[in-house]
Amino acid sequence: MALLQAYGFLIVLMVINALLALSLYLPLMSGQLSLASPGFYAFGGYIAAILSTRVFAPADGEPYAVGLVVLEMLIAGVASGALGVLVAIPALRLSGIYLALATIAFVEILRVVSLNLPITGQAVGIFGIPQPFGSQLGYLLLAIPLFLLAVVFVARLERVRIGRAFTAIRADELAASAMGIATGPYKVLAFALGAALAGTTGALAAHFVNTWNARQGTFDASILYLAFVLIGGSRTFVGPVVGGLVLTAVPELLRGSAQVGALPAWLEGFLSGGGRLIIFGVLLAVGTVFFPQGLVTPELLARLRRGRSRPEVAVAEAQP
Amino acid sequence: MTAPPAAPTLEVRGLTRRFGGLVAVDDVSFAVQEGEIFGLIGPNGAGKTTLFNLVTGLTPPSAGALLHRGDDITGSPPHVVAQRGIARTFQNIRLFTNLSALGNVMIGRHIHTRSGLLPGVLGFPSSRAEEEAVRERALELLDLVGLRDRAQVRAGSFPYGDQRRLEIARALALEPRVLLLDEPAAGLNTNEKAGLSRFVRELRDRFDLTVLLIEHHVPLVMGLCDRIAVLEFGRLIAVGDPAAVRSDPAVVEAYLGEET
């Protein structure tokens with residue numbers, strides 16, 4: 001339990017980052033490379049921060065009701081989804097790297113706006129966001145259910161009609177339209193779903209980190225979430241989940257290993273200084289070289305499933 | 001007074017497409033009647049595939065009109081054309097290569113299914129029933145093209161001929177009234193080519209289809225098609241039944257002459 005308490009912050013952060021990786025994966029399901037997740041994450045966070053400090057603000061000394069956080073998450077999710085639709089309609093006229101650039105611009109616009117608006121606290125941000133839990137580990141009570149919901153949602157989505165339309169558009173947009181799929185609305189839907197998930201996560205994160213300012217949701221975060229998806233694997237939802245969890249943990253574990261005391265002094269210094277980030281960067285680069293499809297691929301999952309149940313089918317299906 | 005003849009299934013009027021200075025399809029007009037197998041031939045670069053792209057909405061025309069059963073559908077986007085019951089295959093095969101054969105055909109059922117986001121994700125009974133029906137129908141179509149036993153195999157790993165058949169199964173999943181086949185015999189061996197003629201006729205009869213097909217292999221076209229249109233440099237130089245087209249001097253000079 002002491003260990004859980006010590007690592008409470010990290011565990012919640014891992015789940016939050018896995019959620020954000022999923023939010024980037026959703027538009028990608030329909031082939032749209034969007035880096036807008038940090039923008040919607042920041043947007044959702046501001047909604048929660050403003051609601052909880054101004055509208056639902058508890059009397060002095062009173063704890064903040066968990067139900068209100070859930071309500072904020074819902075509001076933030078719906079608002080971010082709606083903003084996602086508004087952004088998607090013009091942005092999805094672009095595709096590939098140009099869409100990625102446009103979504104980075106969107107993140108940057110939101111950042112500059114929140115730096116200047118009084119309601120978002122300008123450069124100072126919003127601080128003293130009320131806490132519903134006694135410890136940071138308590139946030140798992142909200143983070144884990146949201147994570148499970150998101151995972152089940154995306155897993156189901158991949159197997160039903162709408163998800164198939166996404167998959168078809170990603171595989172070959174032209175062939176998809178020749179199959180009668182109205183590609184435009186489906187791309188907007190995928191984009192908005194990602195936005196809603198990022199916004200919901202942001203609302204939770206605002207309480208979790210206690211202060212919210214324009215340093216939340218920046219270009220750096222765009223690239224980090226993209227790394228989660230690419231290193232984890234971009235062809236099944238399991239990839240971003242694994243990527244988000246593992247890549248959040250690795251730098252902290254490297255930091256932790258420096259404190260064990262069994263390492264030579266120079267290595268300890270290296271790890272607790274900038275060295276662990278250098279190692280992290282090298283791992284990312286090596287990962288992309290040896291796992292160009294990401295750590296988790298649909299083929300890997302199929303192999304794992306077959307290994308457990310029907311080995312005789314494996315032979316038949318492995319044939320080209 | 002006699003009743004006016006029914007509107008042709010598909011009619012193109014003065015259809016033109018320019019790419020910069022190149023006129024890929026130049027003022028082409030013809031009508032395809034219900035139930036016909038209509039061939040489109042011509043030398044490489046004659047504009048056959050561009051014409052298919054115009055008919056299916058993938059490329060908007062520069063001029064001219066496209067009518068489906070008398071309705072003007074000029075400039076309709078591809079998904080609207082597909083929803084009207086006009087399905088196609090592609091010359092360079094455009095399967096969803098990472099999906100299974102079954103997955104490919106199931107996507108073809110899109111326009112005949114309704115499941116929304118939440119009913120699908122939450123697994124409502126109506127949605128589950130629809131999903132089951134889609135799977136069953138897709139398996140039937142795979143059976144029809146002889147690929148049912150490999151339903152779960154990745155489409156991209158199929159041999160060329162099987163990919164062509166899978167693409168036809170996927171197009172049939174749309175329950176089209178008009179089927180456009182872009183070089184269905186390309187890459188098939190002699191045996192498969194012979195089978196293809198039989199197969200296309202069978203499909204026409206079984207599904208009440210009107211078939212348009214582009215084909216390079218002249219004996220196959222002559223034996224299979226009710227009527228044939230010949231394109232050269234984007235212009236229509238002849239249209240008629242196989243015998244008439246075969247003896248047309250312009251056609252012989254432009255195309256057939258080189259073959260014999």
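## A helix crossing in chain A

Helices α3(A) and α4(A) cross in a right-handed way. Helix α3 of chain A covers residues 37-55, and helix α4 of chain A covers residues 66-91. Their axes come within 9 Å and cross at roughly 140°. Axes are lines fitted to C-alpha atoms, for helices over the stretch in contact, and angles run from 0 to 180 degrees between N-to-C directions. The pair α3(A) and α4(A) is therefore oblique. Angles under 35 degrees count as roughly parallel, over 145 as roughly antiparallel, 65 to 115 as roughly perpendicular, and the rest as oblique.

Residues of α3(A) in the contact include A:Phe40, A:Phe43 and A:Ile47. Those of α4(A) include A:Leu68, A:Ile75 and A:Leu83. Contact here means C-beta atoms, placed from the backbone, within 7 Å. By class, ten residues are nonpolar, four polar and one charged. Ala, Val, Leu, Ile, Met, Phe, Trp, Tyr, Cys and Pro count as nonpolar, Asp, Glu, Lys and Arg as charged, and the others, Gly among them, as polar.

## Reading the model

This is a predicted model: local features need pLDDT of at least 70, side-chain atom pairs count only at pLDDT 80 or more, and totals for chains, interfaces and linings use all residues. Residues are numbered from 1 along each chain as its sequence is written, while chains are lettered from A and ligands numbered from 1 in the order in which they are written.

Helices (H or I, at least four residues) and strands (E, at least two) are DSSP runs, numbered from the N terminus.

## The sheet of chain B

Six strands of chain B form an open, mixed sheet in the order β6-β7-β8-β3-β9-β10. Strands pair if DSSP finds at least two bridges between them. Strands β6 and β10 of chain B stand at the edges, each with a single partner, so one side of each has no neighbour in the sheet. The twist averages 15° from one strand to the next. Five bridges join β9(B) to β10(B), and the two run antiparallel.

## A covered helix

Helix α1 of chain B, residues 48-55, lies across β3, β6, β7, β8 and β9 of chain B. Eight of the eight residues of α1(B) are buried, with 20 or more other C-beta atoms within 10 Å of their own. After α1(B) comes B:Gly57, with a positive phi near 85°.

Conventions. Two residues are in contact if their C-beta atoms, placed from the backbone, lie within 7 Å. A crossing is left-handed if the near helix is turned anticlockwise from the far one by less than a right angle, and right-handed if clockwise. A residue is buried if 20 or more other C-beta atoms lie within 10 Å of its own, exposed if 12 or fewer, and partly exposed in between; C-beta atoms are placed from the backbone.
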